[in-house]
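Q: Could you help me read this structure? I would like to go through some side chains with you.

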Amino acid sequence: MFLSPLVAAIKKAYADNPRLPFQDTARAIYRRMRGDQNDLLRNFKAIHATKPLRCNPASRTEIHTLTCHKHVFMFLTAAKSLLRFESDVAAVVHDDGSLTDRDVATIKRHIEGISVIRRRDADVAMDNLLASFPKTRAYRSQVINSLELTDHLLLSTGEKVMITNSDTLFLRRPDDLLRWFESDGDEVLCVYEREPYQQADFLRRRQSSFPPHLTLALTCFRRDAVDPSGIEDLLNQVNDADDPWYIGQNSLPVLIGESVEPGRVRFLDKASYQASGVFGDGAIFRHYWTSLASLNTQYFSDATKVISDLKAMR
């Protein structure tokens with residue numbers, strides 16, 4: 001069931017060893033497991049027919065998402081699935097470097113007040129911020145999803161930060177999350193993933209007591225709960241066995257755990273907030289792992305329902 005690491009491993013093995021046999025077969029398996037990216041465009045394009053929603057750029061709570069050109073419609077569907085329930089949040093989307101000017105205009109038309117951080121602007125800002133942190137600077141330049149750790153933390157300005165992904169949907173009103181938006185405490189709120197790749201071992205080697213179930217599909221914390229300078233210390237401890245794609249997701253619980261008491265970390269109900277690739281009835285939130293084609297049927301069905309509900313809004 002948990003094939004995302006396997007999909008990545010197939011690609012990496014053949015990239016590192018171009019003389020391995022069965023190239024065509026492996027490529028076909030990889031593509032089948034990963035799914036057709038064009039499906040993501042076709043199945044989410046109907047979001048264009050929904051009316052714009054507002055966010056509040058002055059809110060003390062910021063929602064940060066990294067996205068790309070091919071996922072713009074997915075991102076809009078995900079963001080609007082939440083904003084239909086709560087608009088008093090600041091939406092911030094980070095460009096992975098592939099967003100076009102047309103993409104940015106589309107995003108701003110659909111979500112009024114959203115901040116779009118273009119990759120070129122982020123690179124300039126982060127080069128200055130990371131001048132004294134060579135490991136972090138190198139990591140950010142080499143691993144595209146490192147921005148979910150570095151940029152989401154260092155370029156945020158709100159008191160509270162929610163990190164999420166484009167391949168998620170809020171299917172019903174998330175009251176637990178909305179109460180967290182309004183609260184003044186230091187509680188950390190997470191959805192539960194059964195076995196994030198390499199996380200248990202990563203935390204064990206760093207003697208962190210944080211539960212090894214954090215996913216960047218949805219994690220909420222106060223911005224001052226994380227000391228960004230700690231990223232450099234962590235990167236100085238990684239080894240060749242640590243998959244670079246998962247270092248960001250596995251570093252965040254270490255960083256949070258260094259400043260937040262264990263009793264202040266709460267994982268949302270697994271049956272309602274579904275982030276382990278198993279979908280049951282009664283979901284409020286789902287993370288669909290677009291690296292797995294096997295989950296796309298449910299994803300597209302849920303997206304159709306969300307978009308239909310958005311179209312019906314007055």
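Q: Thanks. Is Tyr197 buried, partly exposed or exposed?
A: Tyr197 is partly exposed, with a relative accessible area of 29%, where buried means under 20%, exposed over 50% and partly exposed in between, for a 1.4 Å probe and protein chains only. Keep in mind that this is a predicted model, in which local features need pLDDT of at least 70 and side-chain atom pairs count only at pLDDT 80 or more, whereas totals for chains, interfaces and linings use all residues. Residues are numbered from 1 along each chain as its sequence is written, and side-chain values use heavy atoms, with hydrogens and water left out.

Q: OK, and how many aromatic pairs are there?
A: The count comes to 11 aromatic pairs, where rings of Phe, Tyr and Trp (its six-membered ring) pair if their centres lie within 6.5 Å, and planes under 30 degrees apart count as stacked, over 60 as edge-to-face and the rest as tilted. One of them joins Tyr192 and Phe267, whose ring centres are 6.0 Å apart with the planes at 80 degrees, so this pair is edge-to-face.

Q: Where do Tyr192 and Phe267 lie?
A: Tyr192 is in strand β8 (residues 188-192) and Phe267 is in strand β10 (residues 265-267), so their pair ties together parts that are 75 residues apart in sequence. Helices (H or I, at least four residues) and strands (E, at least two) are DSSP runs, numbered from the N terminus. Tyr192 is buried at 18% relative accessible area, while Phe267 is partly exposed at 22%.

Q: And which charged residue lies over the face of Tyr192?
A: That is Lys270, at 4.5 Å from the ring centre; a charge sits over a ring if NZ of Lys or CZ of Arg is within 6 Å of the ring centre and within 35 degrees of the ring normal. Arg206 likewise lies over the face of Phe202, at 3.7 Å from the ring centre.

Q: Switching to helices, which residues of α9 are buried?
A: In helix α9 (residues 175-182), the buried residues are Leu177, Leu178, Trp180 and Phe181. Seen down the axis of α9, they fall within an arc of 155 degrees (taken from the directions from the helix axis to the C-beta atoms), so they line one face of the helix.

Q: What does the face turned away from the buried side of α9 carry?
A: That face carries the exposed residues Arg179 and Glu182.
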